[in-house]
Amino acid sequence: MTDNDALRERIAGELSAARDRTTYLTTVVDEADLVRQHSPLMSPLVWDLAHVANQEELWLLREVGGLTPIHPEIDPLYDAFEHPRSKRPTLPLLAPGEARGYGHDVRGRVMDLLEKTRFDGTRLTDGGFAFGMIAQHEQQHDETMLATHQLRVGPPVLSAPPPPAPSDAVTLPAEVFVPGGPFTMGTSTEPWALDNERPAHVVDVPPFYLDTTPVTNAAYAAFIADGGYDDPRWWTADGWAHRQRAGLEAPLFWRWEGEWVRVSFGVALPIIPNEPVLHVSWYEADAYARWAGRRLPTEAEWEKAARHDPVSGRSRRYPWGDFEPTPEVANLGQRHLRPALAGSYPLGAAPSGARQLIGDVWEWTSSDFLPYPGFTAWPYKEYSEVFFGPEYKVLRGGAFGVSPVACRGTFRNWDYPIRRQIFAGFRTARSASLETA
Ligand SMILES: [Fe+2]
């Protein structure tokens, strides 16, 4: 098998994995549920269904293949920049059957195109980039659809086995030490990395300590019990104003019934104390960290803890090394519908000793979403560039509902600091050097 054949096989596998997941998420509910808006924060599921097909047509059939548009008249309906999510239910969207038919039609033509594509002609096809981008895009919408499922009210429709319990019973230290010094952040070589992960550049990070695992429900409940939501000392001015306005008292989907209960995909159960906390905003994460006498890690600290190998001096693709994620090293890919207990996945530990940096919960960092030095927008400004600025905070590491194809040690996610319908948790840090403590 040539390298091109192997790449073709990988692309076909990733595209069909994404479509299988899309199909699952949109066939476990009925048609009325597909067209309903479950939250003003989210699109109706049927919008995502046709949008992924439309983007696949735009980038693969039209840009790579040079083919004539199939339905140019629907392009504006599925342009995420033309219509905010809250307005999408009012659009003359394709009905569920039509959306599925369109997706099927596009995919059939993409598979024909894939057979003919050489992977060294243009920047879009180099290393299969555009195909990888589209597989990631569909999986990112699957993650968004999973968030819509979590917001949906009604009997549970999704099920999955619980994550495996930690396989080692050792008591982990609360924090790990990451020595100071330069490391390589970002990538110039990862073929399917998106523009905001590029280019690789050296960053000097002072020594710091990082929580070994994400912050747990029990730790977060202690913050609540200690009056953390009622003490403005722990909150930024913006965070406190938001906490007051929105009436925040606990993570989203938590409710007090004599004990904390969390609703997860329609199932209400007492919180699991040692499970990473989920569905907290950046403001809540930041307030918790101050209450704990700590702070959120910077994005550079997070990536150094996750990738830097102090023995070789190089940055790994993932905390555990360079091989792709497997079920033994990280909780990714919606195999489970919740994070694994803190301390799970010893085989996925970073050289620093930190665990679960990849998978389980997205982790808020203290950093604004900004371009790396030498950034150039590719292949379109609306992927990242229009979002750069202080209004968005960076999240790292992916969550249980993130596909491995859309998760790397360099992968950057971003959102508003008030958002908490995303699968976000966090861990905390502290500086090691006295002058920066
Ligand atoms: Fe999209």
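Proline 319 sits in the loop that runs between helix H9 (299-307) and strand E8 (362-369). The model is predicted. Proline 319 is buried, at 1% relative accessible area. What does proline 319 touch, leaving aside residues up to four places away in sequence? Its contacts are Ala306, Gly348, Ala349, Ala350, Pro351, Leu357 and Ile358. Take isoleucine 358: it is 39 residues from proline 319 along the chain, yet their C-alpha atoms are separated by 7.5 Å.

Strand E8 leads on to the sheet. This is an open sheet of 4 strands, in the order E10-E9-E8-E11. The pairing is mixed. Strands E10 (412-415) and E11 (424-425) stand at the edges. Each has a single partner strand, so one side of each is left without a neighbour in the sheet. Strand E9 (residues 389-396) pairs with E10 in the antiparallel sense, over 4 bridges. Within E10, asparagine 413 is the bridge partner of leucine 395.

Now to the metal site. Which residues are the protein donors of the iron ion? They are His51, His137 and His141. Each donates through NE2, and the donors lie 2.2 Å from the iron ion. Their spacing in sequence is H-x85-H-x3-H.

Definitions and conventions: Residues are numbered from 1 along each chain as its sequence is written. This is a predicted model: local features need pLDDT of at least 70, side-chain atom pairs count only at pLDDT 80 or more; totals for chains, interfaces and linings use all residues. Side-chain values use heavy atoms; hydrogens and water are left out. Donors are N, O and S atoms within 2.8 Å of the metal (3.2 Å for Na, K and Ca); water is not among the atoms, so sites may look incomplete. Two strands pair if DSSP finds at least two bridges between them. Helices (H or I, at least four residues) and strands (E, at least two) are DSSP runs, numbered from the N terminus. Buried means under 20% relative accessible area, exposed over 50%, partly exposed in between (1.4 Å probe, protein chains only). Contact means heavy atoms within 4.5 Å.
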